[in-house]
Amino acid sequence: MSFLKVKNIIKNFGGLTAINDVSFEVGRGEIVGLIGPNGAGKTTLFNVVNGFYRPTRGEVFFRGKKVSGLKPHRLCKMGIARTFQVVKPLQRLSVMDNVVASAFVRAATKRRAEEIAEEALRFTRLYEDRNIVSRGLPLGKRKRLEITRALATQPELLLLDESFAGLNPSELNDSIEIIKAIREKGITILIIEHHMKVIMSISDRIVVINYGEKIAEGTPAEIGNNPGVIEAYLGEVHNA
Amino acid sequence: MRKNIKKVTPVIVLVILVLFPLVVNEYYQHLMILVLMWVVIGSAWNLIAGYTGQVSFGDAAFFGTGAYTAGLLVTKLGLSAWWGLILGGISASLIALPFGWICFRLRGAYFALATLALNEVMRHVATIWEDFTGGMVGILTLQSFVSKLPYYYIALGLAVIAIVVIRLVMHSKLGYYFLSIREDQDAAESLGINTHHYKMISLVIAAALTGVAGALYMNYMGFIDPHVVFSLHDISIMAILVGIVGGVGTQYGPAVGAFVMVAVQEMFRTGGFGLVSKIARASGSDLLISISDMISKAHVMGFGILVVIAILFMPNGIVGDWKKIIGLFSRKTQ
């Protein structure tokens, strides 16, 4: 039984097919990268897995249970958390309050929620910034706040949507360290990323989609040498 | 030191409010009863609109339901209208429940429009269902007390309860969830918050408090009709003004807003507490007399101007922009 199973997902928006018959599986403890050119349907696929969209056809299974059609808050309680590509911090709240709000999912009391939040903030090294109003955070830290909030829900599966985009090299290294530490906690990660160096270095397996269809799946080395993938990214090879 | 001031201020204000009616005449007692009633309504509006971000244009629906519950207890069941303080809150919540369940599928302005519709529907029901509500004739009951003092202290008690309840709510899990929903519904949903469910909790608490205020109004005034208690501009819009002028999403904003708005309303109604008309009559000019008459009729327009000023210059209200206001006055002395 696989941990997360995406089975024959089709998602139509009116006449547009955003996802066409995509299937893949993620094993417990894996880091799986989801890549593809802009507009390939990566975030749409996330929205289906996370429950924001109901798939037109196909099913999603989490720990053997069918979860497609359930609302995001139900999935969060079952152990699926996500971050957003366009960061969505609770702007007028402090960093700490942001994280406490999400920690309440598994906390019976406010004190317990604060404990979970503090632990998560220490883990992602945002503890020093806990009293800053999140609107005032620089982008790199906002991205990390997204991850911290997701972690505070104590997930088993973490969906990361471009958590590395727009980071400078030192922030990038911090974030890679954090992702690796998250995996060591036993949390499974499905990650969308454009930064090839990052995705190649941290993923166990990579799924490539283009125009809403899966075009390749395999280890980073296999994907790097796959002609179909190279074509999707660099265009068709024309022989003169 | 500053922390102490923050802790002590509410206590001092409360002591002043307890002693206030003993030293002033009935007219000011009456005004303060209205202020305290608006503290309840404004605080309730602030919970759903200011903290939870679901702007309501239809508070009169809950206010009127509470008032009619109190009135009908007398005319239909022969009970005391004071039972309305409990049952009025419950019946307003019972209106809020199905309404919220259906209409919280709408977001932002669409939800606000739905609350506006609820306001109108409730007013028409109260007008048309004559057998039950008495229609346009309204409900007239005997007041329990001749003196205004008992009403004053009941109103003060309700205002304190409203502020304390909302304070407790906002410091609990509910408070965090309400703020999360205000800031970003999608993010809240993906963080495990059942947004539909918690928006309804917020609305039901707000509706209950507003209904209690309505029941108080019935008891105090002794007369209601659909156009008074389901009034769009005198209740629903006034509730929004109390919230905006005082400070949206602040704890004591609605209390300050209630005070200012009742004062403004009264100033318009009486033409600057009779000052304008006195001056006009003393001058003997027909133009000034007609202007003074117009002023007393123009309070709705005055409200409109006030909203524009508030939104332009202090979008966070008196409490939210307090430092800015202080800065404005202290700059000259520096």
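View 1. Four strands of chain A form an open sheet in the order 2-1-4-5, paired in the antiparallel sense. Its edges are strand 2 (16–26) and strand 5 (65–66) of chain A, each of which pairs on one side only. The model shown here and in the other views is predicted.

**View 2. Strands 1 and 4 of chain A.** Strand 1 (residues 4–13) and strand 4 (residues 57–62) of chain A are joined by five bridges and run antiparallel. Within this part of the sheet, A:Leu4 is placed opposite A:Phe62, a residue of strand 4 of chain A. In general, the strands of a sheet pair through backbone hydrogen bonds, either parallel or antiparallel.

**View 3. Helix 1 of chain A on the sheet.** Helix 1 (residues 42–50) of chain A lies across strand 1, strand 2 and strand 4 of that chain. With strand 2 of chain A, helix 1 of chain A makes an angle of about 65°.

**View 4. The contact between chain A and chain B.** On the chain A side 22 residues take part, and they are in contact with 16 residues of chain B. Helix 2 (72–78) and helix 3 (95–103) of chain A each contribute at least two residues to the side that touches chain B. This side of chain A comprises nine nonpolar, five polar and eight charged residues.

**View 5. Chain B as a whole.** The secondary structure of chain B consists of 18 helices and two strands. Its C-alpha atoms fill a box of roughly 65 × 65 × 40 Å along the principal axes. Of the 334 residues of chain B, 46% are buried. Among contacts in chain B with a separation of 6 or more, 76% are between residues 24 or more positions apart.

**View 6. Helix 3 and helix 5 of chain B.** The axes of helix 3 (residues 59–75) and helix 5 (residues 109–128) of chain B come within 8 Å of each other and cross at roughly 30°. Angles under 35 degrees count as roughly parallel, so helix 3 of chain B is roughly parallel to helix 5 of chain B. From helix 3 of chain B, the residues in the contact are B:Ala60, B:Ala61, B:Gly64, B:Thr65 and B:Tyr68. They meet B:Leu118, B:Asn119, B:Met122 and B:Ala126 of helix 5 of chain B. By class, this helix contact has six nonpolar and three polar residues, with no charged residues.

Notes: Residues are numbered from 1 along each chain as its sequence is written. Chains are lettered from A and ligands numbered from 1 in the order in which they are written. This is a predicted model: local features need pLDDT of at least 70, side-chain atom pairs count only at pLDDT 80 or more; totals for chains, interfaces and linings use all residues. Two residues are in contact if their C-beta atoms, placed from the backbone, lie within 7 Å. Ala, Val, Leu, Ile, Met, Phe, Trp, Tyr, Cys and Pro count as nonpolar, Asp, Glu, Lys and Arg as charged, and the others, Gly among them, as polar. A residue is buried if 20 or more other C-beta atoms lie within 10 Å of its own, exposed if 12 or fewer, and partly exposed in between; C-beta atoms are placed from the backbone. Two strands pair if DSSP finds at least two bridges between them. Axes are lines fitted to C-alpha atoms, for helices over the stretch in contact, and angles run from 0 to 180 degrees between N-to-C directions. Angles under 35 degrees count as roughly parallel, over 145 as roughly antiparallel, 65 to 115 as roughly perpendicular and the rest as oblique.
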